[in-house]
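Please read them with the coordinates open beside you.

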Amino acid sequence: MTANYFAYDVTVNQDVMKRILGKWRGLRRASLEGYRLVFDTYSSAWRGGIAGIEEAPGHRVIGGLYIIEPEDFQLLDRYQGVPTLRSRIKVTVTTEAGVEQASTYVSVNPRRHVAPSKTYVALIIRGLRSLGFQESELAALEEAGLSMP
């Protein structure tokens, strides 16, 4: 049995995920309708804001859908800061194969806006580009208050 994990934050970058999980069974492009990308939590490790999502009709968050082992969520929960910074939720994402259920993370105590570090943003962008997302699709990062590196 496997599980789906929707990554929209720095974990969309495969180099970051290798440090957290080591391996996974698959990864493909995915999007989450009805949500918007925000930077709403401060991380001392990243010295700035980290990506989060909030419900927003008419918006879409792009990312990657990892196929992982269910027990891998213990490692992801620890990395994401569950329960202090984040909580894990169920979402419905769209892939080239259709609609699928997945788990992802949201901020427990979101702030209005916390500026992310350039390093953090660059890792997200590299991860999205490696999945084949085009520059026009990366516009949501600009909407979240960033300048493209």
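1. Basis of the note. The model is predicted, so that local features were taken up where pLDDT is at least 70 and side-chain atom pairs where it is 80 or more, whereas totals for chains, interfaces and linings use all residues. Residues are numbered from 1 along each chain as its sequence is written, and side-chain values use heavy atoms, with hydrogens and water left out.

2. The nonpolar core. The largest nonpolar core has 43 residues, and those with the most contacts inside it are Tyr5, Phe6, Ile68, Leu76 and Ile124. Such a core is a set of buried Ala, Val, Leu, Ile, Met, Phe, Trp, Tyr and Cys residues joined through side-chain atoms within 4.5 Å, where buried stands for under 20% relative accessible area, exposed for over 50% and partly exposed for what lies in between (1.4 Å probe, protein chains only). At least two residues of this core are supplied by each of strand 1, helix 1 (14-20), strand 2, strand 3, helix 2, strand 4 (86-95), strand 5 (98-107) and helix 3 (118-130); these elements are DSSP runs numbered from the N terminus, helices being H or I of at least four residues and strands E of at least two. Strand 3 gives the largest share of the core, eight residues.

3. Helix 2. The buried residues of this helix are Asp72, Phe73, Leu76, Asp77 and Gln80. Seen down the axis of helix 2, they fall within an arc of 135°, so they line one face of the helix; the arc is that of the directions from the helix axis to the C-beta atoms. Gln74 and Arg78, on the other side of helix 2, are exposed. The cover over the buried residues of helix 2 includes strand 1, helix 1, strand 3, strand 4 and strand 5.

4. After helix 2. Gly81 follows helix 2 and has a positive phi, near 85°. The peptide bond from Val82 to Pro83 is cis, with omega near 5°, and Pro83 belongs to the loop between helix 2 and strand 4.

5. Aromatic pairs. Rings of Phe, Tyr and Trp (its six-membered ring) are paired if their centres lie within 6.5 Å, and planes under 30 degrees apart count as stacked, over 60 as edge-to-face and the rest as tilted. By this rule the count is seven aromatic pairs. The ring centres of Tyr5 and Tyr66 are 6.1 Å apart and their planes are at 20°, so this pair is stacked. Because Tyr5 lies in strand 1 (residues 3-7) and Tyr66 in strand 3, the pair ties together parts that are 61 residues apart in sequence. Both Tyr5 and Tyr66 are buried. The rings of Phe6 and Tyr8, with centres 6.2 Å apart and planes at 35°, form a tilted pair, and Phe6 and Tyr8 are likewise buried. One aromatic cluster is formed by Tyr5, Trp24, Tyr66, Phe73 and Tyr105.

6. Thr41. Leaving aside residues up to four places away in sequence, Thr41 touches Gly48, Gly49, Ile50, Leu85, Ser107 and Val114, contact being heavy atoms within 4.5 Å. The side chain of Thr41 also makes a polar contact with the side chain of Asp40 (3.3 Å); the term stands for a pair of N or O atoms within 3.5 Å, of which, within protein, one must be able to donate a hydrogen and the other to accept it, and residues adjacent in sequence count only if both atoms are side-chain atoms.

7. Two loop residues. Glu69, in the loop between strand 3 (48-68) and helix 2 (72-80), counts as buried at 18% relative accessibility. Apart from residues up to four places away in sequence, Glu69 touches Met1, Thr2 and Arg25. Arg47, in the loop between strand 2 and strand 3, is exposed with a relative accessible area of 72%, and has a positive phi of about 55° although it is not a glycine.
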